[in-house]
Structure formats: C-alpha cells, structure tokens
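Let's take a friendly walk through this fold together. Please have the viewer open, so that you can find each residue as we come to it.

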Amino acid sequence: MRLLALHGKGTSAKIFQSQCSSFRNLLDPNEFEFDFIDAPFPANPAPGIDLFYPPPYYSFYDPTVESIKAAHTWLLAYLDRHGPYDGVINFSQGCALSSTLLLYHQKFYPHKEPLFKVAMFICGGVPLNMLDDLGIPVSEEARDWDESSRNALFAKASSDAILREGSKRWGHGFDAVALQDTSNMFGINFDEIPKESLIQIPTVHVYGAKDPRYPASLQLAHFCDSSKRRMYDHGGGHDIPRMQAVSEMMAELVRWCSMIADSW
C-alpha cells in the first residue's frame, strides 16, 4: 500500500515521519510505503515544536480560501507527478488540506475517480471558510468553537506550557457524549447535510479528547460516510502518543486502510 503523508503547519516531512515512527515500526515495510513530503512554504514552528525538532518548518497555506485553493492546485500537481497513491495520512493542517480537496473534487467532478481510495485523519478538521465556500451552513456557534479551540491550542501547546506542566497541560478534555448529537456537532447540524455532500471514500479518524481542537476532529469525522468510517480516541492532546497500546491500535487502523483499499 502506498500512502502520501501530509504534515501539520509549522512542522515538516521529517518531523511527521518521526511523529509516526512508533506505529510505523509495527508495520511491514514490504507492505506499506509512506511518502512524507514538505509543504511548499517556510513557516514559523508550530507551538512547542521547536523544543523537540530543529528547523526547517513548513506550511501548506495561509488561512484564506484563495490560499487553500492554491494549495489544492499544488497538491494535484504533486499527485500528477508522483502518484497514484492508495491513500493519504494527515496530521492537523494536512487533514484540512486533503479533506477540503476531497470535498471539492467530488462536488465539481462527481463522475471522476476519487483521488485516494482511503484517508486517515489525525487531529485535524475542515476549515470553516471552506465550508462557507462550498455552500454548507456554518452557525455562529461553530465559529465560536473554532476560534476558542484555536486559541486554547496555541496556549496549551506552547513551549511555556510544555515546560511548566508537561502532559498535564492538556487538562481533562471533552465528554465523549458529543459524539452522539449529529444535530449539533459543535455548531454544525449534520442532519441537514445531504449524504452526497459527505466524503465518500473510507476514512479513519484519530483524535484525542484532551485536544483543544477535538471539536474540529469530530466535525471532520461527520463529514465522512459513517458506514465507511472508523474512529479512535487516543486519549491525549494535539499529538500522536507513543504508548504501546496507542501505537498498536494505529498500526491496526493502517492495516484496515489497506484491507478496505484493496476492496475498492
């Protein structure tokens, strides 16, 4: 299985490769090939990342509709040169890039083959301004959740918070009952969104209930077809924990991606 790997904002291909190492080490390298690529633009380090990894750091886009669409064009050109890939695995901003590309591609090219057979999203969501552009209703409550969760992530992932509190900085997290209310998923009513507007390929969603951006991860999960979706709470924050149990589950989810891709 060949997987494209898209990192988070203010990190790099090399950093994402390291972040994924504990579960990738449990996978047969003869069966799984990961292509970790750098985003096109230099960036400041993500909060706290410079404590663990030296530069360079990169970003796929600025948070505007025009910039994200330009990133779509860049990624499509990369796929033309280096694809095809069976699937895509993403962290944070990488999730935003690939999920919006999938949503736009199926809306404007519904009769074309999907760009990937499967996608794995880790701690990431769909930018609300892209939902506006797609004509999907976004409430003020959703915008409030988005702003407050971004501010909380910036504070809790900062170098000061890491040095002061370590892993305790993430706090107690969210109540998993939020999974159950599709009529108000942190301000988005998925009961009113047509099924054909959802991402149709099989997906895996890995997130942490202690992640301030947990609402965005849950929203992205519900923008995907629930009959072809697997979800896993790794119990941490905006990161990929390296505990053995988490690594084993994530490796198993990658194997599920391979199995489901083979059936397409």
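First, some ground rules. This is a predicted model, in which local features need pLDDT of at least 70 and side-chain atom pairs count only at pLDDT 80 or more, while totals for chains, interfaces and linings use all residues. Residues are numbered from 1 along each chain as its sequence is written, and side-chain values use heavy atoms, with hydrogens and water left out.

Let's begin inside. A nonpolar core here is a set of buried Ala, Val, Leu, Ile, Met, Phe, Trp, Tyr and Cys residues joined through side-chain atoms within 4.5 Å. Buried means under 20% relative accessible area, exposed over 50%, and partly exposed in between (1.4 Å probe, protein chains only). The largest such core holds 48 residues, and the ones with the most contacts inside it are Leu4, Leu6, Phe116, Leu131, Ile188 and Phe223. Two or more residues each come from β1 (2-6), α3 (65-82), α4 (93-108), β6 (118-122), α5 (128-134) and α8 (214-222). Of these, α4 gives the largest share, seven residues. These elements are DSSP runs numbered from the N terminus: helices are H or I of at least four residues, strands E of at least two.

Zoom in on Ile188. Leaving out residues up to four places away in sequence, Ile188 touches Leu128, Leu131, Ala142, Thr182, Ser183, Ile193, Gln219 and Phe223, where contact means heavy atoms within 4.5 Å. Apart from this core lies another, of 30 residues, including Phe23, Phe32, Phe34 and Leu253.

Next, find Trp170 in the loop between α7 (159-165) and β7 (203-207). Is Trp170 buried or exposed? Its relative accessible area is 5%, so Trp170 is buried. Among the residues that Trp170 touches beyond four places in sequence are Leu153, Lys210, Pro212 and His238.

For a contrast, turn to His111, in the loop between α4 and β6. His111 counts as exposed because its relative accessibility is 81%. Between the C-alpha atoms of His111 and Thr11 there are 35 Å.

Finally, the cysteines. A search of the whole structure finds zero disulfides, a disulfide being a pair of cysteine sulfur atoms within 2.5 Å. For Cys20, the nearest cysteine sulfur is that of Cys95, 11 Å away. Cys20 counts as buried because its relative accessibility is 1%. For Cys257, the nearest cysteine sulfur belongs to Cys224, 12 Å away. At 3% relative accessibility, Cys257 counts as buried too.
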